[in-house]
Amino acid sequence: MTRRTLAVVSAGLGQPSSTRLLADQLAAAARDELAGRGADVDLRAVELREHAHDVVNHLLTGFPPGALRRTLDTVAAADGLIAVTPVFNASYNGLFKSFFDVVDRDALAGKPVLIAATGGTARHSLALEHAVRPMFTYLRAVVLPTAVFAAPEDWAGDDGDSALRARIRRAAGELAEQVDHRPPATGPADPFALTTDFADLLAGRDPS
């Protein structure tokens, strides 16, 4: 059985958070889809409000504190990413953007990413296409076709067969399809790993 890891990043600021609720439902659906393909799935939840101060410190100093470094490594090492933000002023919130500003430059290259958002009105759903998708495209991620937006009315009377549930299942299926057809992620590169043979170093030989 192939082991797969999904990083689930949510940028909600409140508790409880509809953003975290949407992230959890997407993660559960993606886990079920991958399990149906014979994968053993490890979900790694990242709630950015817990790292807000560390993200700012990293932006100011250029060095992530230990807890944030581990979180960044979790995202880099994942086979796929679910990224969910609340919509503020017709775009992602500042915490969401700041976190992905400090993600290692190549960490998301080629990684399947499911994008989603919550907002106070369905009119904010276009933020996924004009703000969130272009950011991940710039980071060279593979952004899935289906983006999931949840407005307050989407949660009302949700009986398990709503339009929101259908979008969640469709997006989760797309993520599972992308992850299933890729080799398992190897994780972030070790910056201290030797790239040449130790004997060559001792002999003074040029490995190139």
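# Close-up views of a predicted model

Of the 208 residues of this protein, 45% count as buried. The model is a predicted one, and it holds eight helices and seven strands. The legends below take you through the views one by one.

**View 1. Helix α2 packs against helix α4.** The pair is formed by residues 52-61 (α2) and residues 94-102 (α4), whose axes are 10 Å apart and meet at an angle of about 50 degrees. The two helices are therefore oblique to each other, and their crossing is left-handed. On the α2 side, look for Ala52, Val55, His58 and Leu59; their partners in α4 are Leu95, Ser98, Phe99, Asp101 and Val102. Sorted by class, this contact has six nonpolar, two polar and one charged residues.

**View 2. Helix α4 and what covers it.** Staying with α4, the buried residues here are Leu95, Phe96, Ser98, Phe99, Phe100 and Val102. Their cover includes the helices α2, α3 and α5 together with the strands β1, β3 and β4. Phe99 is touched by Thr71, while Leu95 is in contact with Arg49.

**View 3. The largest nonpolar core.** This core has 38 residues, and those touching the most other members are Leu81, Phe96, Phe99, Phe100, Leu108 and Phe136. At least two core residues come from each of β1, α3 (66-77), β3, α4, β5 (112-118) and α5. Helix α5 gives the largest share, six residues. Elsewhere, a second, separate core of 25 residues includes Leu34, Ile82, Leu144 and Leu175. In soluble globular proteins, nonpolar side chains tend to be buried together.

**View 4. Leu81 and its contacts.** Which residues does Leu81 touch, leaving out those up to four places away in sequence? The list runs through Ala7, Val9, Phe100, Leu108, Lys111, Pro112, Val113, Leu114 and Phe136. Three of these, Phe100, Leu108 and Phe136, are also named with Leu81 among the core residues that touch the most other members.

View 5. Beyond residues up to four places away in sequence, Thr71 touches Val46, His51 and Phe99.

**View 6. Asp42 in strand β2.** Asp42 belongs to strand β2. Its relative accessibility is 16%, so Asp42 counts as buried. Setting aside residues up to four places away in sequence, Asp42 touches Arg3, Arg4, Thr5 and Leu6.

View 7. Gly14 is 35 residues away along the chain, and its C-alpha atom is 8.5 Å from that of Arg49. Apart from neighbours within four places in sequence, Arg49 is in contact with Gly12, Leu13, Gly14, Gln15 and Leu95.

**View 8. A cis peptide bond at Pro16.** Gln15, one of the contacts of Arg49, is joined to Pro16 by a cis peptide bond, with omega about 0 degrees. Where does Pro16 lie? Its place is the loop between β1 (2-10) and α1 (18-35).

**View 9. Ala90, a non-glycine residue with positive phi.** The phi of Ala90 is about 70 degrees, a positive value although the residue is not a glycine. Ala90 is placed in the loop between β3 (80-88) and β4 (91-92). With 36% relative accessibility, Ala90 counts as partly exposed.

**View 10. Arg140, with positive phi in a loop.** For Arg140, a residue other than glycine, phi is positive and near 65 degrees. The loop that holds Arg140 runs between α5 (127-138) and β6 (142-143). A relative accessible area of 45% makes Arg140 partly exposed.

Technical notes:
Residues numbered from 1 in each chain as written. Predicted model: local features only at pLDDT ≥ 70, side-chain atom pairs only at ≥ 80, totals over all residues. Heavy atoms only, no water. Axes fitted to C-alpha atoms, helices over the stretch in contact; angles between N-to-C directions. Helix = DSSP H or I, 4+ residues; strand = E, 2+ residues; numbered from the N terminus. Parallel < 35°, antiparallel > 145°, perpendicular 65-115°, else oblique. Left-handed = near helix turned anticlockwise from the far one by under 90°. Contact = heavy atoms within 4.5 Å. Nonpolar A, V, L, I, M, F, W, Y, C, P; charged D, E, K, R; others polar. Buried < 20%, exposed > 50% of the residue type's maximum accessible area, 1.4 Å probe, protein only. Core = buried A, V, L, I, M, F, W, Y, C linked by side-chain atoms within 4.5 Å.
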